[in-house]
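Visitor: I would like to learn how to read some features of a model like this one, going from the backbone to the packing and on to the charged contacts. Could we take them one after another?

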Amino acid sequence: MATGRIVIDAERCKGCELCRPACPQSVIQLAESLNTKGYRPAMLVDPLHSCTGCALCAVVCPDGCITVYRDLPQKQTSLPKYEMKETLAHVEAVA
Amino acid sequence: MDTVVFKQNHVQPLEKITYERPSSLCDVHTHYCPGCTHGTAHRLVAEVLDELDIREDTILVSSVGCSVFSYNYFDVDACEAAHGRAPAMATGVKRVNPGKIVFTYQGDGDLASIGTAEIIHAAARGEKITVIFVNNAIYGMTGGQMAPTSLLGQKTTSSPFGRDAQLAGMPIHMAELLAQLPGTVYSVRRSLHDARHVLQAKKAIRTAFEAQIDNLGFSVVELLSSCPTNWGMTPNEALTWVEEALVPFYPLGDYKVDERLQGRKGAPK
Ligand SMILES: Cc1ncc(C[n+]2csc(CCOP(=O)(O)OP(=O)(O)O)c2C)c(N)n1
Ligand code: SF4
Ligand code: SF4
Ligand code: SF4
Ligand SMILES: [Mg+2]
C-alpha cells in the first residue's frame with residue numbers, strides 16, 4: 001500500500017471537520033490549541049504511517065488547506081564499487 | 001575536519017505532491033463559515049482554470065449572496081453585478097471580449113429568484129458564458145430566508161413552520177428548466193456532499209468551460225451545496241442533509257449535453 005502524508009495550513013483551517021470522516025485511514029484529528037482565527041485546526045496524527053496520500057481529505061476541504069504528499073518507491077542503489085573504495089579510503093584518511 | 005560528500009545523482013526524491021491548492025485561488029482566507037461548500041465550489045472552479053490553463057483569459061462576474069466577495073478569492077479579472085444581474089453583465093462582458101472566458105458564480109436566491117429573467121434570457125439567447133450555480137436551498141447571506149429552491153416543509157426564518165406549497169408554491173428545478181432552452185448546450189446537476197461527488201462536480205465544471213472555449217453556447221452547472229449556519233447544523237450534518245434531503249428532490253444528472261460535448265470528461269459515456 002502506498003504511503004504518504006499531509007500538511008495542513010493550520011492558520012487557514014476553520015476546524016470544520018469535513019476532512020475527518022473523509023479520511024479512510026482515520027488519521028486526522030483536531031488540535032487542542034486554537035489558531036489566530038479561534039478555530040481548532042485539523043492535524044495529521046499518524047504514528048503508524050498509515051496515511052496513503054489518497055488526497056480524499058484535500059478533495060473535501062472547503063478552504064483548500066491541505067497539501068498531500070505520496071512517498072515514492074526508493075530504488076535500492078549502492079554506490080559504484082570504485083567509488084565505494086575511494087569513499088572508504090577517504091573516510092579512513094580523514095578519520 | 002574534512003567531510004565526506006556523496007554525489008548528487010545518488011539522491012532520489014523521497015515524495016511527490018499529489019494535491020495542492022490551485023494557483024487560480026488567491027492566497028487569502030475566505031469569509032465563508034466553517035464547512036460551507038461555497039469554498040469547495042471555489043476550489044473546483046480554480047482547479048479547472050488551472051488545468052485548462054485559462055486563468056489569464058478568464059473574467060468572473062460575481063453576484064450578490066454569500067459569494068459576493070468571490071472577486072477577492074479567484075485570481076482572475078472580475079466585476080460585481082447587482083443582485084441577479086450577473087448573466088446580463090456577463091453577456092455584455094463576453095460580447096465586447098469574445099476571446100475571453102466569462103463565467104458567473106451565483107447562489108439560488110440570486111439566480112432563481114431576483115435574477116430569473118436574466119438567467120432564462122441569457123440561456124435563451126445562447127450567450128457563450130458559463131454559469132456556476134450554487135444551490136443551497138436558502139438565502140444564506142441575509143440570514144436564512146426561504147429561497148425558491150427551499151424544500152417543501154423546510155424551516156427557514158421566513159417559513160418558520162416549514163415551506164407550504166399553498167403559500168409559497170413548489171421549489172424550482174433550474175438545471176432541468178434551463179436545459180429546455182435552445183441556446184443551452186450544457187446543463188447538469190452535481191452535488192458537493194462527499195469526495196466522490198466533488199470529483200464528479202469538477203469534471204462537469206471542466207466540461208462547462210470547454211463548451212465555452214469551443215464557442216458552443218450557454219453552459220451551466222448546478223451544484224447542491226451546504227449552508228451549515230442557516231440550516232442550524234454542524235458541517236458534517238449539513239453534508240448528510242444534502243445527501244438525504246436535497247439529492248432525492250433535485251436528482252443529479254445531465255439534463256442537456258450537446259452532442260459536440262459527448263465523450264468529454266464529465267459527459268455521459
Ligand atoms: C436588489 C437587492 N435585493 C435584495 C438584496 C438582499 N439580498 C442579499 S443576498 C440575498 C439572497 C442571497 O441568497 P443566495 O443567492 O441563495 O446566496 P447564498 O448566500 O445562499 O449563497 C438577498 C435577498 C440585495 N442585496 N439587493
Ligand atoms: S491523504 Fe488520504 S489517508 Fe492521508 S490523511 Fe488524507 S484522506 Fe487520510
Ligand atoms: S476540511 Fe479543511 S478547513 Fe475543515 S477541518 Fe479539515 S483542513 Fe480544516
Ligand atoms: S451563511 Fe451559509 S452559505 Fe453563507 S457562508 Fe455561511 S454557511 Fe456558507
Ligand atoms: Mg443560497
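Visitor: In which loop of chain A does Ala55(A) lie?

Guide: Ala55(A) belongs to the loop between β3 (42-44) and α2 (56-60) of chain A, and, since this is a predicted model, everything said here concerns a prediction. Most residues other than glycine have a negative phi.

Visitor: Where in chain B is Asp53(B), and is it buried or exposed?

Guide: Asp53(B) sits in the loop between α1 (38-52) and β2 (58-62) of chain B, and it counts as exposed because its relative accessibility is 67%. This residue is not a glycine either, yet its phi is positive, at about 55°.

Visitor: What is the order of the elements along chain A?

Guide: Read from the N terminus, the elements of chain A follow the order β-α-β-β-α-β-α, with three helices and four strands in the chain. Of the 95 residues in chain A, 42% are buried. Among the contacts in chain A with a separation of 6 or more, 61% come from residues 24 or more positions apart.

Visitor: How should I describe the packing of two helices, and at what angle do α3(B) and α5(B) pack?

Guide: Two packed helices are described by the angle between their axes and the distance between the axes. In chain B, helix α3 (residues 86-96) and helix α5 (residues 116-124) pack at about 40°, and their axes are 7 Å apart. That angle makes α3(B) oblique to α5(B).

Visitor: Which residues of the two helices meet there?

Guide: From α3(B) come Pro87(B), Ala88(B) and Thr91(B), and they meet Glu118(B), Ile119(B) and Ala122(B) of α5(B). Sorted by class, the contact of α3(B) with α5(B) consists of four nonpolar residues, one polar residue and one charged residue.

Visitor: Turning to charges, how many salt bridges does the structure hold over all chains?

Guide: Over all chains there are 21 salt bridges, and each pair can be read together with the accessibility of its partners. In chain A, Arg12(A) and Asp9(A) join their side chains in a salt bridge at 3.4 Å, N to O. Arg12(A) counts as buried because its relative accessibility is 5%, whereas Asp9(A), with a relative accessible area of 30%, is partly exposed. A further salt bridge joins the side chains of Arg40(A) and Glu32(A) at 3.7 Å, N to O; here Arg40(A) is partly exposed, with a relative accessible area of 35%, and Glu32(A), at 70% relative accessibility, counts as exposed.

Visitor: What does Arg189(B) form a salt bridge with in chain B?

Guide: The partner of Arg189(B) is Glu176(B), and their closest N and O atoms are 2.5 Å apart. The pair links distant parts of the chain, with Arg189(B) in strand β6 (residues 184-191) and Glu176(B) in helix α7 (residues 174-179), both of chain B and 13 residues apart. Arg189(B) counts as buried at 0% relative accessibility, and Glu176(B) is buried with a relative accessible area of 18%. Elsewhere, salt bridges that share partners form one network from Arg43(B), Glu47(B), Glu51(B), Lys202(B), Arg206(B) and Glu210(B).

Visitor: Finally, where is Gln262(B) placed?

Guide: Gln262(B) is in the segment after β8 (253-257) of chain B, and its relative accessibility of 41% makes it count as partly exposed. Between Gln262(B) and Pro251(B) there are eleven residues of separation in sequence and 20 Å in space, C-alpha to C-alpha.

Terms used. Residues numbered from 1 in each chain as written. Chains lettered and ligands numbered in written order. Predicted model: local features only at pLDDT ≥ 70, side-chain atom pairs only at ≥ 80, totals over all residues. Heavy atoms only, no water. Axes fitted to C-alpha atoms, helices over the stretch in contact; angles between N-to-C directions. Parallel < 35°, antiparallel > 145°, perpendicular 65-115°, else oblique. Contact = heavy atoms within 4.5 Å. Nonpolar A, V, L, I, M, F, W, Y, C, P; charged D, E, K, R; others polar. Salt bridge = Lys/Arg side-chain N within 4 Å of Asp/Glu carboxyl O. Buried < 20%, exposed > 50% of the residue type's maximum accessible area, 1.4 Å probe, protein only.
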